[in-house]
Number of protein chains: 2
Amino acid sequence: MAQLLQPETGTTDPRILRSRRMLMDALAILLIKKEFEDISVQEIADEATLNRATFYLHYPDKNALLQAMTGVRFRDLIERRAITFTDCHGALRSIALGVCDYLAESTGCPTQLARMPPQISIIPVVEDMFKEGLALHGTAPGVDAALMATTAAWAVFGAARRWFQTPNRIPAEEMAAKIEIMVSPVLFGASQ
Amino acid sequence: MAQLLQPETGTTDPRILRSRRMLMDALAILLIKKEFEDISVQEIADEATLNRATFYLHYPDKNALLQAMTGVRFRDLIERRAITFTDCHGALRSIALGVCDYLAESTGCPTQLARMPPQISIIPVVEDMFKEGLALHGTAPGVDAALMATTAAWAVFGAARRWFQTPNRIPAEEMAAKIEIMVSPVLFGASQ
DNA sequence: TTTATGAATCGACAGATGTTTATTACTAAT
DNA sequence: ATTAGTAATAAACATCTGTCGATTCATAAA
């Protein structure tokens, strides 16, 4: 406990990269069959054909692994769509759509609020994207761009999560449009 | 596992209420001394002078207890301030201030995103308050009041959480004002 | 007051967690 | 090719988890 996770990057040793990739893949496979809470570290290690002690060499617990995996996969999904920041509102809608899609295809769908470390780990990723966009946009001085990015990221996630939990969902594209309308004032000001 | 938490209300048996209160108090006391993750169910039961099996009679795990405790305490804090919904913007600022204060005086301050079931459990409470306020306000037809409430609640929480994690914080009142400016368009529309 | 209900206790259980120590095996240098 | 560094393995550990069955005790009713 209280042990820090070594950064996902900064390593060239192929053994480390291989182990982490195998652990993430193993978790992804297990999540298809059963709930995250019902998966033990032993099972993950077995599925990855690694020793259990090796797991703890890389992640302090299974939550850390899940968070790392979620971050990697969401970044992949976003990068695959190659969002451009030429149009700010379009970028916001694209990101919102990405979050909706990610939640929809995300393995494991916890109804309980307490059990959502998996999904929630995409918030910092979204936050970084907003910050990057605001930097290009060139915000007025005095307004806290980082704060706006944080607030918008949480707002988008909360809205997308609600959509995801709704039984008869509207299409993700439609939801993304709604999110854009609600959240754009947070990022771009009440005007416009 | 997969066992549902019996609702916090709906019981009149004084034994049940007493046990749950003692468990919450015990957890609150232990959280002063150590991290949530380092507290075992046995310790909680000991501090509450209850048997460990009694704990599992009321909560499926310690996360559920923490969430219940958080909800109760936040509601208390808000009710103590007796927020009126006569002025919508004022109500939003008051709620934002309540969330900031709650986080600040909240026991346990997890830096890790994965470890925040404790604090996050106030989001549904805030959401309900927004919904109640919007119902009084009388929203235009076609707009989804519940969705706006959810989005705003997550936005407020995310902003307040960021403020709470900042080393040299500005006063909570000042932060609440910033939050109001950012989030009010989500609830009341971009106009105004 | 007696009684039926069910809350609380106790002991025990298999399995999981996170850590440690010692050993082996691989990698990236010289 | 040798070697220093370190990742991976293995076995063992104390502790924690969630559950169970049997028993005792408190409460609200008759």
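Visitor: Which residues do ring pairs link into a cluster?

Guide: Two rings of Phe, Tyr or Trp (its six-membered ring) pair if their centres lie within 6.5 Å; planes under 30 degrees apart count as stacked, over 60 as edge-to-face and the rest as tilted. Here, such pairs join A:W154, A:F157, B:W154 and B:F157 into a cluster. Please note that this is a predicted model, in which local features need pLDDT of at least 70, side-chain atom pairs count only at pLDDT 80 or more, and totals for chains, interfaces and linings use all residues. Residues are numbered from 1 along each chain as its sequence is written, chains are lettered from A and ligands numbered from 1 in the order in which they are written, and side-chain values use heavy atoms, with hydrogens and water left out.

Visitor: How many aromatic pairs are found over all chains?

Guide: The search of the whole structure gives 9 aromatic pairs over all chains. One of them is formed by A:F55 and A:Y56, an edge-to-face pair with 5.4 Å centre to centre and 80° between the planes. A:F55 also pairs with A:Y59: the ring centres are 6.0 Å apart and the planes stand at 50°, so this pair is tilted.

Visitor: Is A:Y56 buried, exposed or partly exposed?

Guide: Buried means under 20% relative accessible area, exposed over 50%, and partly exposed in between (1.4 Å probe, protein chains only). A:Y56 is partly exposed because its relative accessibility is 35%.

Visitor: Where does the charged end of B:R169 sit?

Guide: A charge sits over a ring if NZ of Lys or CZ of Arg is within 6 Å of the ring centre and within 35 degrees of the ring normal. In chain B, the charged end of B:R169 is placed over the ring of B:W163, 5.2 Å from the centre. In chain A, A:R169 lies over the face of A:W163, at 5.2 Å from the ring centre.

Visitor: Where is A:T49 found?

Guide: Helices (H or I, at least four residues) and strands (E, at least two) are DSSP runs, numbered from the N terminus. A:T49 belongs to the loop between helix 2 (41–47) and helix 3 (52–58) of chain A. Although A:T49 is not a glycine, it has a positive phi of about 50°. A:T49 is exposed because its relative accessibility is 61%.

Visitor: Which backbone nitrogen does the side chain of B:D61 reach?

Guide: A polar contact is a pair of N or O atoms within 3.5 Å; within protein, one must be able to donate a hydrogen and the other to accept it, and residues adjacent in sequence count only if both atoms are side-chain atoms. The side chain of B:D61 reaches the backbone nitrogen of B:N63 at 3.1 Å. B:D61 lies in the loop between helix 3 and helix 4 (62–81) of chain B, and its relative accessible area of 14% is why B:D61 is called buried.
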